[in-house]
Amino acid sequence: MLEYRPEAGGYIRLSAKYGNLENAYYADQPYLYSNGKPGGIPSLDTQFGNVGGDAFRNIQVPVSTFAHPSGFRPFRYEDGITSKNAEARIDMEAPVSDSLRLFLHSRYIKYSYDFNGLFPGSGTGNAGLTSAVNYLTPGSNSPINGLLTLGSAAFPTAARFGIRNLRTGAVLGSNQTAALNALNGNGFLQRTTLNHDRVDGKDYGINAGGTWDYEGGGFKNSLTVGAMYYDVTRNQDQSATASVVNDVRSNSDIYDIVALDSANGVIGTLTDNGLVSYGDWGAGIRKRKDSAFSLYLNDELAIGDLRIDGGIRWESDTATALDGQSLAVNQAVQPGVAGVVRDVGSSFNGLYAPANPSRTDRFGRRTQSKAAYSVGANYQFTPNFAVYARYADGFQTNNIDPITTIELYEAGIRYQRGNIISGSATVFQTNFRNQNYNFANPENPSQQQNINADLRTRGIELDLAIRPITWFSVDLQGVLQQPKLLDLQLDGVSQGAGYEGNRPERTPRGCSQSPRRSSCPTGSARSTVATNMSAASSPMRATASRCPAMA
């Protein structure tokens, strides 16, 4: 960071930031359900087990040459989840007079998110987890029955099928039931999806305006007016999603499915390095863009011990959503690829089309606009006791999907006794309307569906800080809340009272940290709807009512 402060006041600040964050990905895993409780299975510890490991380190997955010219895309479990971002920004503030100052904040971010994750049972649910004997026995009980059917046609003289460990080369035939049932102490195989998902994005934003301060006649007032522009582009590549067959243990092995003669000699291979299918999740290529313009006004008024803040922001977002289209005729795999699956499955054909033509024009664009506003008040009865209340009506744009409306009601008290003890108690209600996302169908978890619902949360939040001496303090925070689903729809079809009142996923009824607002701080009477862009802002911007600063 480099900063210059002119003698006349204000500042000009140039800054840059680079980040490279790598995280391991720990795969989902099966559990044993016994006597009403989940537990571990042999060879896979519930707390320390991970089916992912060396076998998944680097796998070349066939894909169409329109997606990747080589005809292959690597899946690298060893890379896990890697996020990179580079940011450059300029911040300026200049006083025009003692009461008026202008500001400008601008940033540019380039970022990438590279995800290599294992999804056991994806698309197959528990059907993808079964005994090795079932896997190798043609019929409806085998999760790879389609592959075995192709194998029977390709190797008509085969006596049976078997598995070949890619690490050790050991072969077991379907007639070796005792050895198969003893595999790793549990006898299981599972079908595991390789999900390589990469997002590359660019984010440009500018926030400019001015603040006018006035004091006189027994009150103080600060008025801020400004405009913001954001341009956000995201390109996603989730192509070459494929699946393998592996055993069920920590650091599991991958197996080829092989055709065997009567002596269990290998006469053919049905898979390519354990890969049993390609293009499981379709083309997987997507483009998203948002260009948003906002105007906002905030006012902060203080009259004696009473403080009233209010703000309003209007935003117009022009969003674009394009999806890569799938080949009409699946492309053949590249020369040298083994196995009986001879095409890359559903894969990108090099062309794009609107993701949802019913919501956009023929270019995949849709413009939506909405206003957010907030008002709050704080009254200080004594230097140690105050009450406050706030109402906020905000929103979150979701590209071309319907805007999610977010309401917040809260009221509370604050108390302090010298520097020894301070605390607050807040009652609140949040309403999310038209929350839209893709999630597993509750009736059929193997199917991903579009879910739209209203979410309502009511609760109380308590904060307490005790400082018996200057160098030691104890901070306590707790939330008790009741989150509920309302008016849930699956793919636009209302589910009536079927899910009414259920708890939304990943939303606790109580916790030690406040989850109740979209990153908004606790217990604030400020209702500022738009503020300066934070230097620590996430590259993926959610257009929601700006969180108020602490009072």
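Start by selecting helix α2, residues 145–154, and the elements its buried residues pack against: α1 (132–136), β10 (160–165), β15 (255–260) and β17 (275–277). Packing here rests on contact, meaning heavy atoms within 4.5 Å. Helices (H or I, at least four residues) and strands (E, at least two) are DSSP runs, numbered from the N terminus. This is a predicted model, where local features need pLDDT of at least 70, side-chain atom pairs count only at pLDDT 80 or more, and totals for chains, interfaces and linings use all residues. Numbering runs from 1 along each chain as its sequence is written, and side-chain values use heavy atoms, without hydrogens or water.

Now colour Leu-147, Leu-148 and Gly-151, the buried residues of α2. Buried means under 20% relative accessible area (1.4 Å probe, protein chains only). They sit on the same side of α2 because they cover an arc of only 100° around the axis, taken from the directions from the helix axis to the C-beta atoms.

Next, select Leu-270. Beyond its neighbours within four places in sequence, Leu-270 touches Leu-147, Leu-148 and Gly-151, with Phe-155, Phe-161 and Ile-257 also among its contacts.

With Leu-270, they have the most contacts inside the largest nonpolar core, which has 51 residues. Such a core is a set of buried Ala, Val, Leu, Ile, Met, Phe, Trp, Tyr and Cys residues joined through side-chain atoms within 4.5 Å. α1 gives the largest share, four residues. Apart from this core lies another, of ten residues, including Ile-406 and Leu-488.

Finally, zoom out. The protein has three helices and 28 strands. Its C-alpha trace spans about 100 × 55 × 50 Å along the principal axes.

Notes: Buried < 20%, exposed > 50% of the residue type's maximum accessible area, 1.4 Å probe, protein only.
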